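This briefing goes through one chain by topic. Please keep the sequence and the 3D view open while reading.

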Amino acid sequence: MATQNPVFIPGPTNMPDRIRRAMDVQTVDHRASDFADQFVPLLDDLKRVFKTTVGEVLLFPSTGTGGWEAAVTNTLSPGDEVLAARYGMFSQRWIKLCRDQGLYVHAVESEWGDGVPADEYERILKADTQHRIKAVLACHNETATGVTSDIASVRRALDNAQHPAMLFVDGVSSIASMDFRMDDWGVDIAVTGSQKGFMLGAGLAILAISPKAIAACANARCPRAYFDLQAMREANRKGSFPYTPPLGLIRGLRESVTMLEEEGLTRVFARHHRIAEGVRRAVAAWSLPLVARRPELYSDTVTAVRVPEGFDATELVNHAYEHYGVSYGIGLGDIAGKAFRIGHLGDMTDVMALAGIATIEMAMANLDYPIELGRGVAAAQAYYSATRNRWKQRVA
Ligand SMILES: *Cc1c(COP(=O)(O)O)cnc(C)c1O
């Protein structure tokens, strides 16, 4: 085959040719001065993506999960209490990681399809008059359910309770695709990875860290070795790594940040919103419910769709792959078999989204879903054509 179809999984995402070319590099000496010349400005430029001026950005050769581990182990001690909520696969995994590190987790149970329970957080934080809770965790965009949570509301919960806990946010499937405001929201550690909004392969954990979180490292006793943040900070500040840096990925990230800034973050976010809205119109035309419970929770990077009773969403996803060579996300955890996910983040256009909508629609028709072929595509076409703007202005 001459080429391959785009993927509609919510990460890893499609890689633009510019980024793939940028990653194709011969070995260079990472201790040579020109490595630092390129690397130090990259860390500074990344601050704009996190919208932080007070924080610092660091990279670990790892994935998002390694970024969480770095966040937790560098700032907390065994026995410390943290506040988290379970409303999908990723928020659930973060809770497990904390427990595996010997932390005590207050885990608020929420429905899958709901967002972060900020009111419940506030109640718990107000009751914690001894300030035993050292960190509050929130998943900005729960990729398993297609739910975006309001991180500002978590900040308000902390402020209303006048609670000094740190705020850690999983932004793996939101940062660089949706508005993220580290400083405005008072986030102490924001974690993301290279393979979602940044349009690269997996392999880098990208963290932004506030001065308060950096200060917390001094007394934190969770064991860490590879993920030692202080060692990484000291090395990164000099433009180096405590071990061998993955040069190809770093070059790719450089290109990614350049592309994001050429398009402009505001336009990147608007593009994601518009594409997502077209996908949601298609789902509405199929009369299928979203996993996300309320419009204000709808994610602009991934849409999780419930299949009708008696249908197996995993079979649908397999069918689309086997017959059309197009990948979608399966339902995870509690909604395995009951929902599929359309990832629409990163290097994505409305034209690509139309192909993704059309293909899953064909797969549903093949499997006798109660849908009419073309209805979803028509709804998305109507929306995309009504909201079109000149291509050159979009990419300028
Ligand atoms: C993908 C994802 C992760 C996991 O990241 P890895 O890079 O696979 O370790 C964590 N959180 C969210 C919200 C994600 O979407």
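The model is predicted. An open sheet of seven strands and an open sheet of three strands are described in turn.

**Domains and their interface**

- Contact between the domains involves 27 residues of domain 1 and 26 residues of domain 2.
- About 2,100 Å² is buried between domain 1 and domain 2, and carbon and sulfur atoms give 61% of that area.
- Two salt bridges are counted between domain 1 and domain 2.
- Nine residue pairs are in polar contact between domain 1 and domain 2, with both residues at pLDDT 80 or more.
- On the side of domain 1 that touches domain 2, at least two residues each come from helix H2 (33–50), helix H4 (89–100), strand S6 (147–148) and H9.
- A salt bridge links Arg293 and Glu111, with 3.5 Å between the closest N and O atoms.

**The seven-stranded sheet**

- The strand order of this open sheet is S1-S9-S8-S7-S4-S2-S3, and its pairing is mixed.
- Strand S1 (56–61) and strand S3 (104–109) are the edge strands, each pairing on one side only.
- From one strand to the next, the twist averages 20°.
- Strand S8 (residues 189–193) and strand S9 (residues 204–209) run antiparallel and are joined by five bridges.
- Within this pairing, Ala190 has Ala208 in S9 as its bridge partner.
- Helix H9 (residues 247–263) packs on the sheet and touches S1 and S9. The direction of H9 makes about 55° with that of S9.

**The three-stranded sheet**

- This open sheet has the order S10-S12-S11, with antiparallel pairing.
- Strand S10 (302–306) and strand S11 (329–330) each have a single partner strand, so one side of each is left without a neighbour in the sheet.
- S10 is joined by five bridges to strand S12 (residues 339–343), and the two run antiparallel.
- Val305 stands opposite Phe340, a residue in S12.
- Helix H11 (residues 313–324) packs on the sheet, where it touches S11 and S12. The angle between the direction of H11 and that of S12 is about 40°.

**Backbone details**

- The peptide bond from Gly11 to Pro12 is cis, and its omega is near -5°.
- Pro12 lies in the segment before helix H1 (17–23).
- Lys51 has phi near 55°, a positive value in a residue other than glycine.
- Lys51 belongs to the loop between H2 and S1.

Notes
Residues are numbered from 1 along each chain as its sequence is written. This is a predicted model: local features need pLDDT of at least 70, side-chain atom pairs count only at pLDDT 80 or more; totals for chains, interfaces and linings use all residues. Side-chain values use heavy atoms; hydrogens and water are left out. Two strands pair if DSSP finds at least two bridges between them. Helices (H or I, at least four residues) and strands (E, at least two) are DSSP runs, numbered from the N terminus. Axes are lines fitted to C-alpha atoms, for helices over the stretch in contact, and angles run from 0 to 180 degrees between N-to-C directions. Contact means heavy atoms within 4.5 Å. Buried area is the accessible area (1.4 Å probe) that two parts lose on being put together, summed over both. A salt bridge is a side-chain nitrogen of Lys or Arg within 4 Å of a carboxyl oxygen of Asp or Glu. A polar contact is a pair of N or O atoms within 3.5 Å; within protein, one must be able to donate a hydrogen and the other to accept it, and residues adjacent in sequence count only if both atoms are side-chain atoms.
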